[in-house]
Amino acid sequence: MSEPIAVNGDMAIAMAWKQINPDVVAAYPITPQTIIVEAFSDFVADGTVDSEYVCAESEHSALSICVGSSAAGARVATATASAGLAFMWEMLYVSSSMRTPIVMAVANRTLSGPINIHCDHSDAMGARDSGWLQIFGENVQEAYDNTLLAFRIAEHMKVRLPIMTCLDGFIITHALERFELLEDEKVKAFVGPYQPVRPLLDVKTPTTYGPIAMPEYYYEIKYQIVTAMMNAMDVTRQVMAEFAELTGRKYDLVEGYRTEDAEYLMVAMGSTAGTVRFVVDQLRAQGKKVGAVKVRLFRPFPTDDMAKFLKGKKAVAVLDRAMSPGTGAPLYMDVLESASRMKDAPRISNYVYGLGGRDIMPGQLSTVFEDIMAGKGERVNYLGVRL
Amino acid sequence: MSSNGSSSLPAGGMITEAGSSKKYKTGEWRSERPEVDKEKCTNCLTCWIYCPDNSILVKDEKMVGFKYSHCKGCGICANQCPVKAITMKEEGVE
């Protein structure tokens, strides 16, 4: 194993791309993702990668270039955040429907307005129905590891869907952390050469990508994405098992911490999952039967895996770093759905937190546990908001 | 699993052969179909001139019917026919 080094999350992703050496990277810089494409364009200029780097005039164009390149037969990576992801909206659906396995880093940042550059998950949540796979990391190491996993999952012949590797803006993208870089040869062997499917540049087998589909065919073509998403669940498990053998780092779609004899759970995604485990340890020291659940794979949502954690618990708090004004937030809805056919399902509450990058403190999470242990709280709660 | 079901179609609805638009029968869009009364028809071919597709069939300089595989039922032929030999009938109704 190579020596641990200290880099920020963006740099770790750029280093992963450097090792993978994609055929095409097309991007438009936006905070807090900029370091990724900035560092990668240095690698291109220095000749340490031979990727075709396209600095597009907008995110809509950047993803359009990625879709075209992928259809042409290239391995493609890009990165964006916040308004950039929102500006890709149209092309997100085009890329999943055209089955282009693009790997995109999303440095989770809130959406305007009010304009704000800091972390929450509202950008990725807006794209949750677009047919992209979404995997969330908790720290710099996971941002790097998820990137390596992402190419394998997205490009798998049973999946062939684009994937977002999500990392919390600033909290992970800009924080220096100790992390272990895998050796170049190991990464190359793990990710493997790119296998295109009917590439446009293969003139001997002519193919039309993205033709019109009238009402008689549109529905069936969208259903193909449902099938691919379901396949992605097992594919992700297999790829994670292989990765664990290679690195010793064991990952799962949903990961539990001190859940076995717990009566109360807290579910979170991204960097907050670490804070939740810290609070669980504090409360465990006081004899409270609490546990933590981290969702790594958000799309497809591992409903059955989540249900196993929920079964037999008294109450569950779902932390959402996004809101859906007028109803519960996205992660909460998926957790609720996981319990929908469960006998004696736990009482599940939603806690929206950390919007626009507001810090979430361990003390606040302790009060959430106290709330659910006392049977208090609304269905949907807005943690820490001044009324 | 049907022959044109989700799992049988090429991924993303991609078209995997050249020239396949020949197989696309745009006549499926039609909601009304033209019918001709050859007793009244004078073979003036006004319908052939006006048809915005290529759906008036002509043989030996005589109007012999319609190419229903591509006629979209716009009704221009019926409207232009000087002797009212063409009438529009609702599709799916006898």
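Start at Ser82(A), which is found in helix 4 (residues 82-87) of chain A. This is a predicted model. The phi of Ser82(A) is near 45 degrees, a positive value in a residue other than glycine. Most residues other than glycine have a negative phi. Is Ser82(A) buried or exposed? Ser82(A) is buried, because 30 other C-beta atoms lie within 10 Å and 20 or more are enough to count as buried.

Now step back to chain A as a whole. Chain A has 13 helices and 15 strands. Its C-alpha trace spans about 65 × 55 × 45 Å along the principal axes. For 387 residues, a compact globule would have a radius of gyration near 21 Å, and chain A agrees, with 21 Å. Buried residues make up 51% of the chain. Take the contacts in chain A between residues at least 6 apart in sequence: 80% of them join residues at least 24 apart.

Helix 2 of chain A comes next. It covers residues 34-46, 13 residues in total. From first C-alpha to last it reaches 18 Å, close to the 18 Å expected at 1.5 Å a residue. Its buried residues are Ile35(A), Ile36(A), Val37(A) and Phe40(A). What do they pack against? Their partners in chain A are helix 1 (9-20), strand 2 (24-27), strand 3 (52-55), strand 4 (76-80) and strand 5 (103-108). Just after helix 2, Gly47(A) takes a positive phi of about 75 degrees.

Follow chain A to the loop between strand 5 and helix 6 (122-126), where Gly113(A) lies. Pro114(A) lies in the loop between strand 5 and helix 6 too. A cis peptide bond joins Ser112(A) and Gly113(A), with omega about 0 degrees. Another cis peptide bond joins Gly113(A) and Pro114(A), again with omega about 0 degrees. Most peptide bonds are trans.

Further along, Pro300(A) is found in the loop between strand 12 (297-299) and helix 11 (303-310) of chain A. With 19 C-beta neighbours inside 10 Å, Pro300(A) counts as partly exposed. Leaving aside neighbours within four places in sequence, Pro300(A) is in contact with Met229(A), Met230(A), Ala232(A) and Met233(A). Pro300(A) and Gly131(A) are 169 residues apart in sequence, but 8.9 Å apart in space, C-alpha to C-alpha.

Finally, turn to chain B. Here 11 residues of chain B are in contact with 17 residues of chain A. The side of chain B that touches chain A has 5 nonpolar, 6 polar and no charged residues. Leu45(B) is found in the loop between strand 1 (32-36) and helix 1 (46-50) of chain B. The phi of Leu45(B) is near 65 degrees, a positive value in a residue other than glycine. Leu45(B) counts as partly exposed, with 15 C-beta neighbours inside 10 Å.

How values were computed: Residues numbered from 1 in each chain as written. Chains lettered and ligands numbered in written order. Predicted model: local features only at pLDDT ≥ 70, side-chain atom pairs only at ≥ 80, totals over all residues. Contact = placed C-beta atoms within 7 Å. Nonpolar A, V, L, I, M, F, W, Y, C, P; charged D, E, K, R; others polar. Helix = DSSP H or I, 4+ residues; strand = E, 2+ residues; numbered from the N terminus. Expected span 1.5 Å × (residues − 1). Buried ≥ 20, exposed ≤ 12 C-beta atoms within 10 Å, placed from the backbone. Rg over C-alpha atoms; globule rule 2.2 N^0.38 Å.
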